[in-house]
Amino acid sequence: QVQLVESGGGLVQPGGSLRLSCAASGSIFSISTMGWYRQAPGKQRELVAVIPSGGSTNYADSVKGRFTISRDNAKNTVYLQMNSLKPEDTAVYYCYAYGRSWGSNLSYDYWGQGTQVTVSS
């Protein structure tokens with residue numbers, strides 16, 4: 001099994017910045033894609049940004065130029081630097097990983113518990 005633990009959420013004023021972190025742990029054999037999704041009240045969960053282990057990043061249009069995703073493969077950790085935050089960025093942010101645990105021949109989707117980001121004055 002793979003566990004994901006997020007940190008770094010909180011309350012920030014419009015125009016401010018936050019950095020989210022997500023560390024994967026457990027019986028990890030390999031992790032390919034890692035990323036972030038978010039869900040605002042009354043809305044469906046949506047992709048924010050993803051980063052494959054060796055490929056190019058992908059961002060939602062609404063965050064391009066403001067958010068930056070990165071990862072440290074040695075630490076199985078993914079980061080989301082969020083700048084120029086807007087009230088519409090308010091949501092629960094979920095860490096995501098697609099990977100395989102030891103003893104399994106299959107890869108699965110894994111999710112963190114979510115961290116609240118609130119952008120408000």
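Mentor: Two strands pair if DSSP finds at least two bridges between them. The model considered here is predicted. In it, strand 1, residues 2-7, and strand 3, residues 18-26, run antiparallel and are joined by six bridges. Within this pairing, Ser7 stands opposite Ser21 of strand 3.

Trainee: Which strand, joined to strand 3 by six bridges, spans residues 77-82?

Mentor: That is strand 8, which runs antiparallel to strand 3. Here Ala23 stands opposite Thr77 of strand 8.

Trainee: What does Met82 touch, not counting residues up to four places away in sequence?

Mentor: Met82 touches Gly16, Ser17, Leu18, Leu20, Arg66, Phe67, Tyr93 and Val117 under that condition.

Trainee: How many aromatic pairs does a search of the whole structure find?

Mentor: The search finds four. An angle over 60 degrees between ring planes counts as edge-to-face. The planes of Tyr37 and Trp111 stand at 70 degrees, with ring centres 5.1 Å apart, so this pair is edge-to-face. Because Tyr37 belongs to strand 4 and Trp111 to strand 10, residues 108-111, the pair ties together parts 74 residues apart in sequence.

Trainee: Which pair is tilted, with 55 degrees between the planes?

Mentor: Tyr96 and Trp111 form that pair, at 5.1 Å centre to centre. Tyr96 lies in strand 9 and Trp111 in strand 10, 15 residues apart, and the pair links distant parts of the chain.

Trainee: Is Tyr96 buried or exposed?

Mentor: Buried means under 20% relative accessible area. Tyr96 has 11%, so it is buried. Trp111, at 37% relative accessibility, counts as partly exposed.

Trainee: Where does the charged end of Arg19 sit?

Mentor: For such a feature, one reads the distance from the charged end to the ring centre. The charged end of Arg19 sits over the ring of Tyr79, 4.2 Å from the centre of that ring. Likewise, the charged end of Arg45 sits over the ring of Tyr94, 3.7 Å from its centre.

Technical notes:
Residues numbered from 1 in each chain as written. Predicted model: local features only at pLDDT ≥ 70, side-chain atom pairs only at ≥ 80, totals over all residues. Heavy atoms only, no water. Helix = DSSP H or I, 4+ residues; strand = E, 2+ residues; numbered from the N terminus. Contact = heavy atoms within 4.5 Å. Phe/Tyr/Trp six-rings, centres within 6.5 Å; stacked < 30°, edge-to-face > 60°. Buried < 20%, exposed > 50% of the residue type's maximum accessible area, 1.4 Å probe, protein only. Lys NZ or Arg CZ within 6 Å of the ring centre and 35° of its normal.
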